[in-house]
Amino acid sequence: MKKMKYMIERIIKLDYKNMFRITKSISKKAQKNYFFILFDIIYCGFKYGAGYYDYQEFEFYNLNKEERKTYLTRRKNNEIVSKYNDKNSFYKFEDKIKFNELFSKYLKRDWIYLEGKDYNDFITFFSKHKSIIVKPIDASGGEGIEKFEYTNELKAKEIYNNLIKNKQLLIEEVIIQDEEMNKLYDKSVNTLRMFTFYKDGKSHFLQAVLKIGNGGVIDNFSNGGMYTFVNDEGKVFAPAIDRDDNIYKIHPISHKEIINFTVPMFDKAIELVKECAKVVPEIGYVGWDVAISKEGPVIVEGNCFPGVYQVKPSFVDKKEGLLPKYNEIMK
């Protein structure tokens, strides 16, 4: 019944124009009939809970039915969230202020919430740190996130007024990322999305994805960024992809080679997220955004409804998704 309800909701909310665009792109890339791909997308939606982005990203058009069964799709991801994450505690992650309060020791940076504060509080913070990141408290996907540099008090007053007007009320000290991470792309903080599972008093590290900026001040996939995968030693083993399914072996701006890049202090990042997983035990399945600062790994935010990230089958020898690994750990 839950699966049927999920499918009905998806059908109602589906962006058909985008689906047809994706279908056309896949048809051209795979050199397969447009209507064959379209009907296969629909079939995979019902059979495996795969959306058209799943179908594109995980190359379902090149997988057999046994291989398709192993891939974590949107619907299956939702089922994991429903089973292991208590909805009554979602606010501890979705409320950015509450999250910062709960995980303050793991943020390792100053922050201020402008609600109830005045300009004097803001200018004290801004002039102290010189460089700040501002965030709306009720947006997602990187929307409304901006970076400002302190120049003078007159300009600071103008910035403050705009922040109040636009409700960008969470102000954070800018993370100074490790120099090795800067070499990949230095206009944004390039973060790791690190997945953990917590049950019966034990934290498990599941996998890590490296998100890289590409032309903006944030690394979000929905804002032009790209992502790739790292192994348990922190080494990148696959090309990066962006939202339009473009593949990058070399970063187009920094010209840094992506494959074989090694994330510094990766072992400490694993320790950090496994420790964080214990803070809200009723949320068992979390995707943490982690930055590698000059002083070490720091938490950027946590996601109690983490997205789905899997390596493209064409990037690896074995065409197998995450489900076997997840099932083994989650039992």
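Let me start with a definition: a residue is called buried under 20% relative accessible area, exposed over 50%, and partly exposed in between, using a 1.4 Å probe and protein chains only. Helices (H or I, at least four residues) and strands (E, at least two) are DSSP runs, numbered from the N terminus. This is a predicted model, in which local features need pLDDT of at least 70 and side-chain atom pairs count only at pLDDT 80 or more, while totals for chains, interfaces and linings use all residues. Residues are numbered from 1 along each chain as its sequence is written, and side-chain values use heavy atoms, with hydrogens and water left out.

I begin with helix H10, residues 119-129. Which residues of H10 are buried? They are Tyr119, Phe122, Ile123, Phe125, Phe126 and His129.

At its start, a side-chain oxygen of Asp118 comes to within 3.1 Å of the backbone nitrogen of Asn120. After H10 comes Lys130, with a positive phi near 70°.

What do the buried residues of H10 pack against? Their partners are strand S1 (111-113), S2, S3, helix H11 (153-166) and S4, where contact means heavy atoms within 4.5 Å.

Two strands pair if DSSP finds at least two bridges between them. S2 runs antiparallel to strand S3 (residues 146-149), and four bridges join them; the partner of Ile132 there is Phe148. S2 also pairs with strand S4 (residues 170-173), again antiparallel and over four bridges, and Ile133 stands opposite Glu172 in S4.

Next, helix H3. It spans residues 34-48 and reaches 20 Å from its first C-alpha to its last, close to the 21 Å expected, that is, 1.5 Å times one less than its number of residues. Its buried residues are Ile37, Leu38, Asp40, Ile41, Cys44, Gly45 and Tyr48. Because they fall within an arc of 165° down the axis, they line one face of H3. Phe35 and Phe39 are exposed on the other side. Asn33 caps the N-terminal end of H3, with a side-chain oxygen 2.8 Å from the backbone nitrogen of Phe35, and Gly49, whose phi is positive, near 70°, follows the helix.

Finally, the cores. A nonpolar core is a set of buried Ala, Val, Leu, Ile, Met, Phe, Trp, Tyr and Cys residues joined through side-chain atoms within 4.5 Å. The largest has 76 residues, and those with the most contacts inside it are Leu192, Met194, Leu210, Trp288 and Ile299. Apart from that core lies another, of 16 residues, among them Tyr119, Phe122, Phe126 and Ile159. Tyr119, Phe122 and Phe126 are among the buried residues of H10, where I began. Thank you.

Notes
Arc of directions from axis to C-beta. Polar contact = N/O pair within 3.5 Å; in protein donor to acceptor, adjacent residues only side chain to side chain.
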